[in-house]
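Open the model in your viewer and keep the selection panel to hand. The stops below say what to select and what is there.

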Amino acid sequence: MTHQAHAYHMVDPSPWPLTGAVAALLMTSGLAVWFHFHSTTLMALGTVLLLLTMYQWWRDIIREGTFQGHHTPPVQKGLRYGMILFITSEVFFFLGFFWAFYHASLAPTPELGGCWPPTGITTLDPFEVPLLNTAVLLASGVTVTWAHHSIMEGERKQAIHSLTLTILLGFYFTFLQGLEYYDAPFTIADGVYGSTFFVATGFHGLHVIIGSTFLAVCLLRQIRYHFTSEHHFGFEAAAWYWHFVDVVWLFLYISIYWWGS
Amino acid sequence: LLIAVFHYYANCQQIMTRTPLASRSFSHGKVETDEEFDARWVTYFSKPDIDAWELKKGMNTLIGYDLVPEAKILDSALRACRRLDDLASAIRILEAVKDKSGPHKDIYPYLIQELGPTLAELGISTPEQLGIDKL
């Protein structure tokens, strides 16, 4: 049996980085093909390949960590750094869209009537569904913290319940936003108001869906006894991501829905 | 508070020469006088290399205050519009002034009269002259 004289994880050769890169290539060139030649085949192929890559790559990580014991404390530390850096990069991603919003709304151009909201735009009432959405996400922050404490205290049933509740709240948010999008009196094509509103809230919604999926995977793993009370970094990463999504929403709500109305 | 009230009624009664008290009454620290307020805004719009964003931002902030800007501030803003080749904003400023005057219908004609030479010099038509003052 081979041994290593260090606590780090030298990963076995894997095809998933390559398939991931190929997927990225097919998706991007597929996008161009769709624009010019009206065919979605290449892009669809790329997307399928991406989904397969994600599934298999993360499955392998779970195997390496949970079943093969490769996630020693220093390895876990590295994973923590990684998740923190990733979330930080996402913060900067959203910062860009907030910049765009404030640039447009602090100094509205004559084309908009020199005012914000622009002439002709009926904004959404921030104290209706958007406020409910705020409450939903804040509540989900509470339930995910409850889930974390349940896991740490070995309360299996409670962990499953609170994690399920968190995911349901996430779905409820997505559902409500979907209704809002459908019933909104303005579209993405309605000037810079429409652009900033739908791009910022749209990417946020996408992140809610990603976060909900991440939490759902954690739920599945919790049910299958993957987590211990001491070691459950996958869940922590999902919880961090979920809090990040919540914070972004709070900024969106204050800036675009409330101040921007 | 008394000064603010006085200014409000003075405003109603006479041709406007003074803006209502714009600065806030702090419990401590220096309170900005009307002259200082006006000078600050004239300086803001007088920046030679003011950019389009700063012009629009300045106008939006100014219009957000509970007052109608003095002619000298508007003059400075109109000249900034000229430097930026922004006729649309120049005319919009006049519309905003009329809107800010609210029920005090004498303010707008007075300011148009005060700004007359500047409007002529810069070639800015009023909304009335363009026929766009009626919806």
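**Stop 1: the interface of chain B and chain A**

Select the interface of chain B and chain A: the rule finds 0 salt bridges across it, a salt bridge being a side-chain nitrogen of Lys or Arg within 4 Å of a carboxyl oxygen of Asp or Glu. This is a predicted model, in which local features need pLDDT of at least 70, side-chain atom pairs count only at pLDDT 80 or more, and totals for chains, interfaces and linings use all residues. Residues are numbered from 1 along each chain as its sequence is written, chains are lettered from A and ligands numbered from 1 in the order in which they are written, and side-chain values use heavy atoms, with hydrogens and water left out.

Between chain B and chain A there are 3 residue pairs in polar contact, both residues at pLDDT 80 or more. A polar contact is a pair of N or O atoms within 3.5 Å; within protein, one must be able to donate a hydrogen and the other to accept it, and residues adjacent in sequence count only if both atoms are side-chain atoms.

Now colour chain B by element of secondary structure. Helix 3 (52–64) and helix 5 (87–101) of chain B each supply at least two residues of the side that touches chain A; helices (H or I, at least four residues) and strands (E, at least two) are DSSP runs, numbered from the N terminus. The largest share of that side, 4 residues, comes from helix 3 of chain B. By class, the side of chain B that touches chain A has 2 nonpolar, 2 polar and 4 charged residues. Here Ala, Val, Leu, Ile, Met, Phe, Trp, Tyr, Cys and Pro count as nonpolar, Asp, Glu, Lys and Arg as charged, and the others, Gly among them, as polar.

The contact (heavy atoms within 4.5 Å) takes 8 residues from chain B and 11 residues from chain A. The area buried between the two chains is about 750 Å², of which carbon and sulfur atoms give 59%; buried area is the accessible area (1.4 Å probe) that two parts lose on being put together, summed over both. Select B:Trp53, B:Lys56 and B:Asn60: they supply 62% of the area that chain B buries against chain A, more than any other three residues.

**Stop 2: chain A and its pocket**

Chain A has 7 helices and 0 strands, and its C-alpha trace spans about 75 × 50 × 30 Å along its principal axes.

Where is the centre of the largest pocket? Select A:Met54, A:Trp58, A:Ile62, A:Phe214 and A:Val217, which lie nearest to it among the 37 lining residues. The pocket holds about 1,600 Å³ of space. On a 1 Å grid over the protein atoms alone, a pocket is an open set of points with protein on both sides within 12 Å along at least five of seven lines, a cavity is a set where a 1.4 Å probe fits but cannot get out, and lining residues have an atom within 4 Å of a point. Grid points are joined across faces, edges and corners, and a volume is the space filled by probe spheres set on the points.

Helix 6 of chain A gives the most to the pocket lining, with 11 residues. The lining divides into 22 nonpolar, 11 polar and 4 charged residues.

**Stop 3**

**Stop 4: local details**

Select A:Trp116 and A:Pro117: the peptide bond from the former to the latter is cis, with omega near -5 degrees. A:Pro117 is found in the loop between helix 3 and helix 4 (129–152) of chain A.

Move to A:Tyr225, in the loop between helix 6 and helix 7 of chain A. A:Tyr225 has a positive phi of about 65 degrees although it is not a glycine.

Finish with A:Arg63 and A:Asp60, whose side chains meet in a salt bridge (3.7 Å, N to O). Both lie in helix 2 of chain A, 3 residues apart, about one turn of the helix.
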